[in-house]
Amino acid sequence: MPLTPLDIHNKEFTRKWKGYDEDEVNEFLDQVIKDYEMVIREKKDLEEQVDQLKQKLGHFTNIEETLNKSILIAQETAEELKGNASKESKLIIKEAEKNADRIINEALTKSRRISMDVEEMKKQAKVFRTRLKMLVEAQLDMIKTDDWDQLFDTELGEELELEESET
């Protein structure tokens, strides 16, 4: 067990003949007590500082651990976000490709249908033209017949007689 200032103060030495000067020893012991008390106080102060520094160190160690964990979590989250973004972009691209294929197929189908409709209209126009031509030719043939000439040659009176005799 370490010596205390009180132990030094209470220490009694045995007396011998021709010993040290008692006042000188007492003054020296008083000085030792003062120095020893000062060393003890300094030691206590230093121990308190050490404790405070240990607490601060513990606090900063906790902060460091928390920051390290936060960094790891942030990195993991960033990687996860990157992966999700990559997956989402691939899905968007696939969806866009599907839509593009669908639009192209619809356009091709419409184009084919329109082309078929145009061809059908051409056929119908040819048929109409042929029929119209036949109708016009038939009308021309009717105009070219001799019946018209007879009609112009007969007189109005003759026509009335013909009609009365027929009745």
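**Notebook: salt bridges, pockets and a surface patch**

I started with Arg102 and Glu106, whose side chains meet in a salt bridge at 3.2 Å, N to O. My cut-off for a salt bridge is a side-chain nitrogen of Lys or Arg within 4 Å of a carboxyl oxygen of Asp or Glu. This is a predicted model, so local features need pLDDT of at least 70, side-chain atom pairs count only at pLDDT 80 or more, and totals for chains, interfaces and linings use all residues. Residues are numbered from 1 along each chain as its sequence is written, and side-chain values use heavy atoms, with hydrogens and water left out.

Both Arg102 and Glu106 sit in helix H2, 4 residues apart, about one turn of the helix. Helices are DSSP runs (H or I, at least four residues), numbered from the N terminus. Arg102 is partly exposed at 40% relative accessible area. Glu106 is also partly exposed, at 40%. I call a residue buried under 20% relative accessible area, exposed over 50%, and partly exposed in between (1.4 Å probe, protein chains only).

Next I counted the salt bridges: the structure holds 4. One of them joins Glu37 and Arg41, with the closest N and O atoms 3.9 Å apart. Those two are 4 residues apart in helix H2, so about one helical turn separates them. Another joins Glu47 and Lys43 at 3.6 Å between the closest N and O atoms. Glu47 is partly exposed, at 41% relative accessibility.

Then I looked up the pockets. A pocket is an open set of points on a 1 Å grid over the protein atoms alone, where a 1.4 Å probe fits, with protein on both sides within 12 Å along at least five of seven lines; lining residues have an atom within 4 Å of a point. The largest pocket holds about 440 Å³. It is lined by 16 residues, with Phe13, Arg15, Glu22, Val25 and Asn26 nearest its centre. H2 gives the largest share of that lining, 6 residues.

The second largest pocket holds about 150 Å³. Glu47 and Lys43 are among its lining residues, which also include Tyr36 and Lys44.

Last, I checked the surface. Phe128, Leu132, Leu135, Val136, Leu140 and Ile143 form a nonpolar patch with about 580 Å² of accessible area together. Patch members have over 30% relative accessible area and no salt bridge; nonpolar side chains (Val, Leu, Ile, Met, Phe, Trp, Tyr) are joined within 5 Å, like charges within 9 Å. Leu140 lies in helix H2 (residues 22–144). Leu140 is partly exposed, at 42% relative accessibility.

Terms used:
Areas by Shrake-Rupley, 256 points an atom, 1.4 Å probe, with all protein chains shown as cover. Points joined across faces, edges and corners; volume = space filled by probe spheres on them.
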